Every structure is written in C-alpha cells, then in structure tokens.
Amino acid sequence: MKKHILTAILLLCSAVAGNATVLDFEGFTNVTRLSVYGGLNWDNVYVLNTTSNNFINGYRNGLVSGSNVAFNGFGMSASVSNGIFDFNGAYFTGVFNNDLTIKVQGWNDNQLLYDTSVVVDTIQPTYFNFDFRGIDAIFFTSHGGTSAGYIGSGTQFAMDNFTFNEPIQAPAPVPEPGTLMLLGIGMAGLAIFGKRRADKREA
C-alpha cells in the first residue's frame, strides 16, 4: 500500500515539475522596458530585437530562440519578482565583456536564500541551472570582465529562455495506521448507534 502511495506522489511531482514556463521575450519589435511579462514583475530589464542591431556583439551572439533577448539596462542591477515561484534557469551571455561575472540572488520575504555567481563570455550563450525554489524575487548584478573589442562598453548581459514554474506543493499527509483504526472504530460506533435508534422506532 505504501509503495503505491509513494509511486502516486512521485508521478504527481513529476507532472507538476514538467509544467515549467519558458519566457523567450518574443513579440517585441523595438527596445522595450519590461514591467509585467509572463506573470512576473521586471525591473530594469529591457528586450532587444537583435535583427535591428547593426553590430555583432553579445546581444546577437546570446540569441537562443526567435530574434529577441533580454538585458539589464545600462549594465545596472535588475530584478524579477511577484508571488512565490521557482527559478529553474536561463541562458546568459556577456554583451561587451568576456569573463563577465553575474551574481544571481534568490530572495523570499526579504531573506536571502540563494546566492550564486556565474561567469560568461560574449561568444555564445551558456545555460545555467539555478534551481531556486520557493522565492519571491531574483536580483541580477553583473560586474568585471574584459572588453571583447566590440563597439560599445559596459557590464550588460543578454538573457534568453528564462525558465520558471510554480513550486511543488507538499502532498497531504497520509494518516498513520493508528489514526485509520480510530477512524474506523468511530465510524463503526456511529453505524451501531444509528441501527439501535432505528430498531427502537420500529418497536
């Protein structure tokens, strides 16, 4: 019996975990500052259509799907928030600097739960699996690196295919055998009481 219950819980968790949402930042034709997108609130995150970008740099090299990438405006800190969610991961690329460091922090109720730094280059996007669970905000801060020789400068990063999902809810507790026995005795007692009352009425 316990084996069947465990199997059912694992199947449920797998089904929920598979419902991840991938935000590819498509549907914007000009440089756009995001406010609400994909059910999340964005601060200092912009979307760029790389087909309108005349220069080869990390914006275009960071493209994973479609023609758009997101980036942190002016190379400054950026954030994503709204309710409780899980941040699975995303693709990152340095726009102007190789060996760019991006600090990614996951918060919940103003408490720091996750603090991870990754290093990226300008040549190609790299996917990072963060697996931040049960957070209500992510902060991205980039710094360092050396110029890759492109026109322009700064600590901007390009981001694509941002993947997140609602956290897996804990399954309802399974009653212990002793609890089930007490429940069974109580139900049996009610049935006997009901039968006696019926017998008295018939008499």
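Biologist: What percentage of the 203 residues of the chain count as buried?

Modeller: In this predicted model, 34% of the 203 residues count as buried.

Biologist: And how many helices and strands does the chain have?

Modeller: The chain has 3 helices and 13 strands.

Biologist: What share of the contacts with a separation of 6 or more comes from residues 24 or more positions apart?

Modeller: Such residue pairs account for 73% of those contacts.

Biologist: Now the backbone. What is the phi of phenylalanine 25?

Modeller: Phenylalanine 25 is not a glycine, yet its phi is positive, at about 60 degrees.

Biologist: Where is phenylalanine 25 in the chain?

Modeller: Phenylalanine 25 sits in the loop between strand E1, residues 21-23, and strand E2, residues 32-33.

Biologist: Is phenylalanine 25 buried or exposed?

Modeller: Phenylalanine 25 has a relative accessible area of 0%, so it is buried.

Biologist: What about asparagine 82, and which strand does it lie in?

Modeller: Asparagine 82 lies in strand E7, which covers residues 78-94. Asparagine 82 is not a glycine either, and its phi is positive at about 130 degrees. With a relative accessible area of 38%, asparagine 82 is partly exposed.

Biologist: Serine 79 is in strand E7 as well. Why does serine 79 count as buried?

Modeller: Serine 79 counts as buried because its relative accessibility is 12%, and the cut-off for buried is under 20%.

Biologist: Which residues does serine 79 touch, leaving out those up to four places away in sequence?

Modeller: Serine 79 touches Asn41, Trp42, Asp43, Val45, Ile138 and Phe139.

Biologist: A change of topic: how many aromatic pairs are there?

Modeller: The count comes to 25 aromatic pairs. One of them joins tyrosine 59 and phenylalanine 71, with ring centres 5.1 Å apart. Their planes are at 65 degrees, so this pair is edge-to-face.

Biologist: Which elements hold tyrosine 59 and phenylalanine 71?

Modeller: Tyrosine 59 is in helix H2, residues 58-61, and phenylalanine 71 is in strand E6, residues 68-72. The two residues are 12 residues apart. Tyrosine 59 is buried at 9% relative accessible area, and phenylalanine 71 is buried at 11%.

Biologist: How are the rings of phenylalanine 130 and phenylalanine 132 arranged?

Modeller: Their centres lie 5.5 Å apart and their planes are at 65 degrees, so the pair is edge-to-face. Phenylalanine 130 and phenylalanine 132 are both buried.

Definitions and conventions. Residues numbered from 1 in each chain as written. Predicted model: local features only at pLDDT ≥ 70, side-chain atom pairs only at ≥ 80, totals over all residues. Heavy atoms only, no water. Helix = DSSP H or I, 4+ residues; strand = E, 2+ residues; numbered from the N terminus. Buried < 20%, exposed > 50% of the residue type's maximum accessible area, 1.4 Å probe, protein only. Contact = heavy atoms within 4.5 Å. Phe/Tyr/Trp six-rings, centres within 6.5 Å; stacked < 30°, edge-to-face > 60°.
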